[in-house]
Amino acid sequence: MTATTLAIEVSGLTKSYGDLSVLDGVDLTVAEGTVYALLGPNGAGKTTIINILSTLLTPGDGEIRVAGADVRRDPAAVRAAIGVTGQFSAIDELLTGRENLRLMADLAHLGRAAAARTVAVMLERFDLVDAADRRAHTYSGGMKRRLDLAMTLIGRPRLIFLDEPTAGLDPRSRRDLWAIVREQVAEGVTVLLTTQYLDEADHLADRIGVLDGGRLVAEGTAAELKRRVPGGRVSVQFTDPARLAAAAAAHPHATTDAQALTLQVPNDGSIAGLRSVLDALDHDGVAGLTVESADLDDVFLALTGHPAEARASEEIPA
Amino acid sequence: MSTAYTVRDSATMLRRNLVHIRRYPSLSIMLVGQPILFLLLFVYVFGATMGAGLPGHAGVGDRSAYLVYIAPGILVMTVASVALGTAISTATDMTTGIIARFRTMNIARASVLTGHVLGAVIKTAFAVTIVTAFMVLLGFRAGAGPLGWLAAMGLLILVAFALSWLTVGMGLAADSVETASNTPMFLVILPFVSSAFVPTEAMPPGLRFVAEHQPFTPIINALRALLLGLPPGSDVWVAIGWCVVISLFGYLWSRRLFVRVPAK
């Protein structure tokens, strides 16, 4: 039994709504103290997995243990160990930020003094001190997300689920949130997150699972996945069409955009690959250069053979 | 989950609901306004005519006599009106993301609902006090002593408790806030087919049978006796019985719905 080192053990998980199969035999293990990212487009089944693991939804088939407890037989033990921040804001908008945190502290059964102390610490740590006594409906998107996460963390869960935690956030809020997640991991917390962004999975996750149509189609570290994806490229912008044509002739695998005066050369992201592109270029005549790594579309194209687009018919009821 | 945590979680949820009531007063004001409107309508528009038709008045009744007669009915309507709001606020709450959060937490499951019910009962106590004060202002004088008043208020609180569990269930069962504001309307209508505004003897036989066997009639009769300082007889026990049955049904129904209803 390896239950002591595994925070999540899922085997053969299925879920369907009538004839519509949403999860089609998912196997998933997450070691304690690590970050696992479920990567996939809308409708892939990410939220359904989170909802089942957090006891919000009953699973179809499969063995599911979260924090060592069976989600069907002992949901209370699961709930005692987890914290969830869903896709939709789970704050009480009629209450102030402080009152929201106090509500969570009380429900976590902290004592009066401990609750007050913890609320103050969380307000400070999540940069909400100035807004603490304002009603939450006046908060910006980033502030709401921070409050949401603070509410999840106030009970000190050992395992947290984050469902698209940075969707709709500006770049700065996104980085703030990443920093908070890393802090948690440093404290030994296990994190399961879902995301549509490869760079987010790349930044945060120890392991990444690519979910498509209710199945895990690939799993591994970010580096392992990227090696399987040839989607990286170097884009070179030229000053005039003649130079573009000359460079295009030197790179038979490149694609040319004559209107934007741009040449896109496939690239695996290695220094050697980049250098060979650079060596073939003249110094003058190049207006700009960008190195683009594989994105979710590339991953999907490579791993599933189809682009990562949401299929409306497979939207998951949350 | 121990009983101590159930009580503690319910108290926490009650505090949350009391803050909601304070922060969103317009709903409460509307709900207290409704029985006051009926009170004014019945006393000043219908009062003189209706008062003359009361038994024992032999055609010479007046507004003040009618005010005394309808007081218990108006108080019960106040309770029903607040209960209507409970269905709305429960349904509204279910649309917010925080309910899903509560479901993933290791807390007493029913505490979310208990918080709504206890909040509603406290709200009802305020509403009943306001409406009673208003009736006294209009000239209502009851023959009851302090004990009678206390018993009357106790019965009203019990009715509030029963109707709150029932309307929490309606709020959970509703697929939208609009539905939740419609389904409990019968609670405001039902007192009209009772002994609230006219003696049931004045109704045709079929309707009279309905009026005499629906829960509001024994509740109103018991309240009327208590407020007048008369012995309430068996009505008070029938009234309590109805309240217990409705509470139990509402509680079990709501619990089942809360576990079943998926996160929105």
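Me: How many other C-beta atoms lie within 10 Å of A:Arg228?
Reply: A residue is buried if 20 or more other C-beta atoms, placed from the backbone, lie within 10 Å of its own, exposed if 12 or fewer, and partly exposed in between. A:Arg228 is partly exposed, because its count of other C-beta atoms within 10 Å is 14.

Me: What kind of model is this?
Reply: Residues are numbered from 1 along each chain as its sequence is written, while chains are lettered from A and ligands numbered from 1 in the order in which they are written. Local features need pLDDT of at least 70, side-chain atom pairs count only at pLDDT 80 or more, and totals for chains, interfaces and linings use all residues, since this is a predicted model.

Me: Which residues does A:Arg228 touch, not counting those up to four places away in sequence?
Reply: A:Arg228 sits in the loop between helix 8 (222-227) and strand 11 (233-238) of chain A; helices (H or I, at least four residues) and strands (E, at least two) are DSSP runs, numbered from the N terminus. Two residues are in contact if their C-beta atoms, placed from the backbone, lie within 7 Å. With residues up to four places away set aside, A:Arg228 touches A:Ala218, A:Ala302 and A:Leu303.

Me: What percentage of the residues in chain A is buried?
Reply: Chain A has eleven helices and 14 strands, and its C-alpha atoms fill a box of roughly 75 × 50 × 35 Å along the principal axes. Of the contacts in chain A with a separation of 6 or more, 68% join residues 24 or more positions apart. Of the 318 residues in chain A, the buried part is 44%.

Me: Which elements does helix 3 of chain A pack against through its buried residues?
Reply: Ten of the eleven residues of helix 3 of chain A are buried, among them A:Arg98, A:Arg102 and A:Asp106. After this helix comes A:His109, with a positive phi near 60 degrees. The buried residues pack against helix 4 and helix 5 of chain A together with helix 1 (3-23) of chain B.

Me: Which element gives the largest share of the side of chain A that touches chain B?
Reply: The contact between the chains takes 22 residues from chain A and 20 residues from chain B. On the chain A side, two or more residues each come from helix 2 (75-81), strand 6 (82-85) and helix 3 (97-107). The largest share, four residues, comes from helix 3 of chain A.

Me: How many residues of helix 5 of chain A are buried?
Reply: Helix 5 (residues 141-153) of chain A reaches 18 Å from first to last C-alpha, close to the 18 Å expected at 1.5 Å a residue, where the expected span is 1.5 Å times one less than the number of residues. Its buried residues pack against strand 6, helix 3, helix 4 (112-125), strand 7 (159-163) and helix 6 (171-186) of chain A. Helix 5 of chain A is largely enclosed by the rest of the structure, because of its 13 residues the number buried is ten.

Me: How are helix 2 and helix 4 of chain B oriented to each other?
Reply: Helix 2 (residues 25-45) of chain B packs on helix 4 of chain B at about 155 degrees, with the axes 9 Å apart; axes are lines fitted to C-alpha atoms, for helices over the stretch in contact, and angles run from 0 to 180 degrees between N-to-C directions. Angles under 35 degrees count as roughly parallel, over 145 as roughly antiparallel, 65 to 115 as roughly perpendicular and the rest as oblique. Helix 2 and helix 4 of chain B are therefore roughly antiparallel.

Me: How many nonpolar residues are in the contact of helix 4 with helix 11 of chain B?
Reply: Helix 4 (residues 63-94) and helix 11 (residues 216-228) of chain B pack at about 125 degrees with axes 8 Å apart. Among the residues in contact are B:Pro72 and B:Leu75 of helix 4 of chain B and B:Phe216 and B:Arg224 of helix 11 of chain B. Ala, Val, Leu, Ile, Met, Phe, Trp, Tyr, Cys and Pro count as nonpolar, Asp, Glu, Lys and Arg as charged, and the others, Gly among them, as polar. Besides one polar and one charged residue, the nonpolar residues in this contact number nine.

Me: Is B:Thr217 buried or exposed?
Reply: B:Thr217 lies in helix 11 of chain B. Leaving aside neighbours within four places in sequence, B:Thr217 contacts B:Ser194, B:Ser195, B:Thr200, B:Ala211 and B:Glu212. B:Thr217 has 24 C-beta neighbours inside 10 Å and therefore counts as buried.
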